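This report covers aromatic ring pairs and one backbone feature of a predicted model.

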Amino acid sequence: MLTSELPVYKDTFDLVSLIMDYTPSFPKSYKHTIGQKMTNVSLELFEYLQLANRSVDERSYRVKMLEGFLVKFELLKVLVRLCGEKKIITVKQLARLSILIEKIGKQVTAWKKK
């Protein structure tokens with residue numbers, strides 16, 4: 001199956017799209033630090049999904065790539081939480097991101113255990 005057809009890929013795409021929609025409205029002092037970091041980290045998630053999906057025969061490699069995904073994903077979760085606490089994003093935006101974050105986390109964890 002193509003990586004772009006995986007549900008986790010589609011949900012990650014939606015998450016990245018929301019982040020890219022929200023970051024331009026960040027205050028100037030956060031736009032080039034937190035906003036840019038969120039965008040970069042979220043885009044890196046696609047690399048780990050591609051690598052994990054290509055390693056069908058080698059389970060240990062797939063697990064390693066999914067663990068790399070989860071490390072970056074945890075960083076992204078911290079950045080999103082920080083944005084919520086600093087009121088850089090609205091409660092509604094935080095809720096939308098949180099729903100996708102939870103969904104993606106469950107999918108990657110299940111894939112890793114498979």
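## Aromatic pairs and a backbone feature

The model is predicted, and the count of aromatic pairs in it comes to two, taking ring centres within 6.5 Å as the criterion. A pair of aromatic rings is described by the distance of the centres and the angle of the planes.

In the pair of Tyr9 and Phe46, the ring centres are 5.0 Å apart and the planes meet at 55 degrees, so the pair is tilted. Tyr9 belongs to helix α1 (residues 7–22) and Phe46 to helix α2 (residues 28–54), so this contact ties together parts that are 37 residues apart in sequence. Tyr9 has a relative accessible area of 19% and is buried. Phe46 is also buried, with a relative accessible area of 13%.

The other pair is formed by Phe69 and Phe73, and it is stacked. Its centres are 5.5 Å apart, with 25 degrees between the planes; because planes under 30 degrees apart count as stacked, the pair falls in that class. Phe69 and Phe73 are four residues apart in helix α3 (residues 59–85), so about one helical turn separates them. Both residues are buried.

| Pair | Centre distance | Plane angle | Class |
|---|---|---|---|
| Tyr9 and Phe46 | 5.0 Å | 55 degrees | tilted |
| Phe69 and Phe73 | 5.5 Å | 25 degrees | stacked |

The backbone feature concerns Lys87, a residue other than glycine with a positive phi, near 60 degrees. Lys87 is found in the loop between α3 and α4 (91–113). Is Lys87 buried or exposed? Its relative accessibility is 71%, so Lys87 counts as exposed.

Terms used. Residues numbered from 1 in each chain as written. Predicted model: local features only at pLDDT ≥ 70, side-chain atom pairs only at ≥ 80, totals over all residues. Heavy atoms only, no water. Phe/Tyr/Trp six-rings, centres within 6.5 Å; stacked < 30°, edge-to-face > 60°. Helix = DSSP H or I, 4+ residues; strand = E, 2+ residues; numbered from the N terminus. Buried < 20%, exposed > 50% of the residue type's maximum accessible area, 1.4 Å probe, protein only.
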